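Here's a quick briefing on a structure you'll want open next to this text. Have a look, then read on.

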Amino acid sequence: MVQYSGQVDTTFGAIADATRRAVLERLARSDASISELADAFDMTLTGMRKHVRVLEDAGLVTTEKIGRVRTCRLGPSQLADEARWIEEYRQLWNERFSQLDAVVEELKRKEKTDEPGRGD
Amino acid sequence: MNPAAATDVTNTENQTTVERTSDREIVVTRVVNGPPELVWEAWTTPELFQRWWVPKSLPMTLVACDIDARIGGGYRLTFDFDGSTMDFYGRYLEVAPPHRLAYTNEEGEGEPTITTVTFEATDDGRTRVVYHDRYPSAEALEEGAGSTDAMPESFAQLDELLATLNEAE
């Protein structure tokens with residue numbers, strides 16, 4: 001019944017590495033060049049190229065070379081879609097929580113001015 | 001490890017993390033800059049809740065908000081989306097201020113989604129908020145979690161397969 005187990009092994013190998021998962025999350029935000037990724041993860045270009053190749057083999061990332069710059073973006077794989085989806089959801093909650101922070105900040109200030117000297 | 005997780009790597013101050021812990025559960029975690037009592041207040045007081053729940057980048061507003069945070073009590077949120085309104089409502093299952101809140105989301109058909117929120121004090125006087133949604137099915141999660149792109153149904157199957165492989169490692 002499971003006909004894509006070979007592909008899944010490749011996919012699983014690709015995402016078993018924490019750096020490669022972080023690269024996927026980064027690409028869910030926006031496309032990036034190999035050198036941008038290497039900088040972001042404090043790695044050598046060669047090291048990052050290897051990670052990207054593994055992700056590319058799994059269909060999680062596609063790359064395109066224009067001039068001297070190789071640009072990476074999320075690939076056609078279902079897991080790449082999922083990374084994109086989760087990132088959108090995370091951004092929604094990030095914004096929501098930032099707004100909650102603002103409300104809580106205000107409550108904190110109010111507590112200080114409304115009840116001076118009251119320690120509880 | 002879970003492939004279906006996202007962490008904000010650019011903001012080390014207050015990270016929002018999202019994790020799909022199963023095909024019908026999603027967990028959001030974030031530290032908020034205030035004690036649990038105040039976060040609870042912001043979460044259960046209608047005038048306050050109304051000010052932060054809807055991200056400003058979304059083309060919708062929360063026009064009415066009733067919150068009766070008691071066991072057996074309920075809530076109703078009315079959103080305006082491009083001139084048409086939508087109601088979201090449910091009832092409270094657990095109300096333990098300022099640490100734990102659980103409620104149903106009844107607007108869909110069939111079994112409700114259950115939301116559980118915990119507010120845990122951190123050592124430095126802030127609050128770790130863990131927001132947990134349990135959907136009645138994987139399909140309901142995909143529809144309900146506010147995604148703008150539909151996720152293919154096969155994700156759930158692929159997730160299961162990967163979980164099996166993960167256990168086998």
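Predicted model: local features only at pLDDT ≥ 70, side-chain atom pairs only at ≥ 80, totals over all residues.

Two strands count as paired here if DSSP finds at least two bridges between them. Helices (H or I, at least four residues) and strands (E, at least two) are DSSP runs, numbered from the N terminus. Residues are numbered from 1 along each chain as its sequence is written, while chains are lettered from A and ligands numbered from 1 in the order in which they are written.

**Strands**

- In chain B, strand S2 (residues 17–22) pairs with S3(B) in the antiparallel sense, over four bridges.
- S2(B) and S3(B) make a hairpin with two residues between them, and Ser22(B) sits opposite Glu25(B) of S3(B).
- Chain A has an open sheet of three strands, ordered S1-S3-S2, with antiparallel pairing.
- Strands S1 (32–33) and S2 (61–66) of chain A are at the edges with a single partner strand each, so one side of each has no neighbour in the sheet.
- S2(A) pairs with strand S3 (residues 69–74) of chain A over six antiparallel bridges; Lys65(A) has Arg70(A) as its bridge partner, and Ile66(A) stands opposite Val69(A).
- The hairpin of S2(A) and S3(A) has two residues between the strands, and Gly67(A) there takes a positive phi near 65°.
- S1(A) is joined to S3(A) by two bridges, again antiparallel, with Cys72(A) as the bridge partner of Ala32(A).

**Helices on the chain A sheet**

- Axes are lines fitted to C-alpha atoms, for helices over the stretch in contact, and angles run from 0 to 180 degrees between N-to-C directions.
- Helix H2 (residues 18–29) of chain A lies across S1, S2 and S3 of chain A, at about 90° to S3(A).
- Helix H4 (residues 45–57) of chain A lies across S2 and S3 of chain A, at about 120° to S2(A).
- The axes of H2(A) and H4(A) come within 10 Å and cross at roughly 75°. That makes the two helices roughly perpendicular (65 to 115 degrees, by the cut-offs used).
- Thr19(A), Arg20(A), Val23(A) and Leu24(A) of H2(A) meet His51(A), Val54(A) and Leu55(A) of H4(A), where contact means C-beta atoms, placed from the backbone, within 7 Å.

- A residue is buried if 20 or more other C-beta atoms lie within 10 Å of its own, exposed if 12 or fewer, and partly exposed in between.
- A nonpolar core is a set of buried Ala, Val, Leu, Ile, Met, Phe, Trp, Tyr and Cys residues joined through C-beta atoms within 7 Å.
- The largest such core has 51 residues, and those with the most contacts inside it are Leu24(A), Leu55(A), Leu60(A), Val39(B) and Ala42(B). H5(A) supplies the largest share, 12 residues.
- Helix H1 (residues 36–44) of chain B has Val39(B) and Ala42(B) among its buried residues; what covers the buried residues includes helix H5 (78–114) of chain A and helix H2 (46–52) of chain B.
- Leaving aside neighbours within four places in sequence, Ala42(B) touches both chains: its contacts include Leu100(A), Val103(A), Phe49(B) and Trp52(B).
- Thr44(B), also in H1 of chain B, counts as partly exposed because it has 19 C-beta neighbours inside 10 Å.
- The C-alpha atoms of Thr44(B) and Ala69(B) are 6.3 Å apart, with 25 residues separating them along the chain.

How values were computed. Contact = placed C-beta atoms within 7 Å. Parallel < 35°, antiparallel > 145°, perpendicular 65-115°, else oblique.
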